[in-house]
Amino acid sequence: MILCIRDAVAADMARVAALYGREVVHGTATFELRPPDAGEMASRFAAVRRHDLPWLIAEVDGAFGGYAYASPFRPRPAYRYGVEASIYVEEEARGRGVGRALLEALIARVRARGLRHVIGAISDSGTSAASIALHRALGFREAGVYRQVGWKFDRWLDVTLMQLDLDPAGAPPRGPGLDLAGGPA
């Protein structure tokens, strides 16, 4: 298997929308109920890039295998050093190290950006053991569980919050963090 992790480009958004759309319709990794089209995904991609945050694509043997991106954790300025990681892997690429490679690359990019925290919000924690195990293996720790917070497929779903502290010693920030008013700080 040849695995390549690269920066996303606008032309990737049709494949991103297709993967995400399948998860919206059939899965519980997202609580959206209507799949966004490629145009909406392109808008989301542009919003992430306006913050100078990474959006990555995984290719497995030359084929689209998944994507990951970091987005601002919360909109208030005090949260400007934290991001939330989102990862989606094509079904046929799961269990092959694609999610791990995407998350490792995303963490490296966030660290290089001088940010402090990466948050994972893993929905349907009752059936997402592999995602929780992956985050744990990369140093994330459980920060809490929102119990029965989402209603999808006629059932209540939990969300497990996991946090990676990129500077556990608590040193002051190295830079200004994210400009949550719309662009890189």
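Author: A crossing of two helices is right-handed if the near helix is turned clockwise from the far one by less than a right angle. This is a predicted model, and in it α3 passes α4 in a right-handed crossing.

Reader: ok, where do the axes of those two helices cross, in angle terms?

Author: The axes of α3 (residues 98-112) and α4 (residues 129-137) cross at roughly 40 degrees and come within 11 Å.

Reader: So what do you call that, parallel or oblique?

Author: Oblique, because angles under 35 degrees count as roughly parallel and 65 to 115 as roughly perpendicular, so α3 and α4 are oblique to each other.

Reader: Which residues meet there?

Author: From α3, G99, R100 and L103; from α4, L134, H135 and A137. Three residues of this contact are nonpolar, two polar and one charged.

Reader: Switching to strands. How do β2 and β3 pair?

Author: In the antiparallel sense, over six bridges. W55 has Y69 in β3 as its bridge partner. The two strands form a hairpin with two residues between them, and D61 in the turn has a positive phi of about 50 degrees.

Reader: And what about β3 and β4?

Author: Those two are antiparallel as well, over seven bridges, with S71 opposite E84 in β4. As for cover, eight of the 10 residues of β3 are buried.

Reader: Is A58 buried or exposed?

Author: Buried, because its relative accessible area is 0% and the cut-off is under 20%. A58 is found in β2.

Reader: What is A58 in contact with, away from its sequence neighbours?

Author: Its contacts beyond four places in sequence include L3, C4, I5, F64, V98 and L102.

Technical notes:
Residues numbered from 1 in each chain as written. Predicted model: local features only at pLDDT ≥ 70, side-chain atom pairs only at ≥ 80, totals over all residues. Heavy atoms only, no water. Helix = DSSP H or I, 4+ residues; strand = E, 2+ residues; numbered from the N terminus. Buried < 20%, exposed > 50% of the residue type's maximum accessible area, 1.4 Å probe, protein only. Contact = heavy atoms within 4.5 Å. Axes fitted to C-alpha atoms, helices over the stretch in contact; angles between N-to-C directions. Parallel < 35°, antiparallel > 145°, perpendicular 65-115°, else oblique. Nonpolar A, V, L, I, M, F, W, Y, C, P; charged D, E, K, R; others polar. Pairing = 2+ DSSP bridges.
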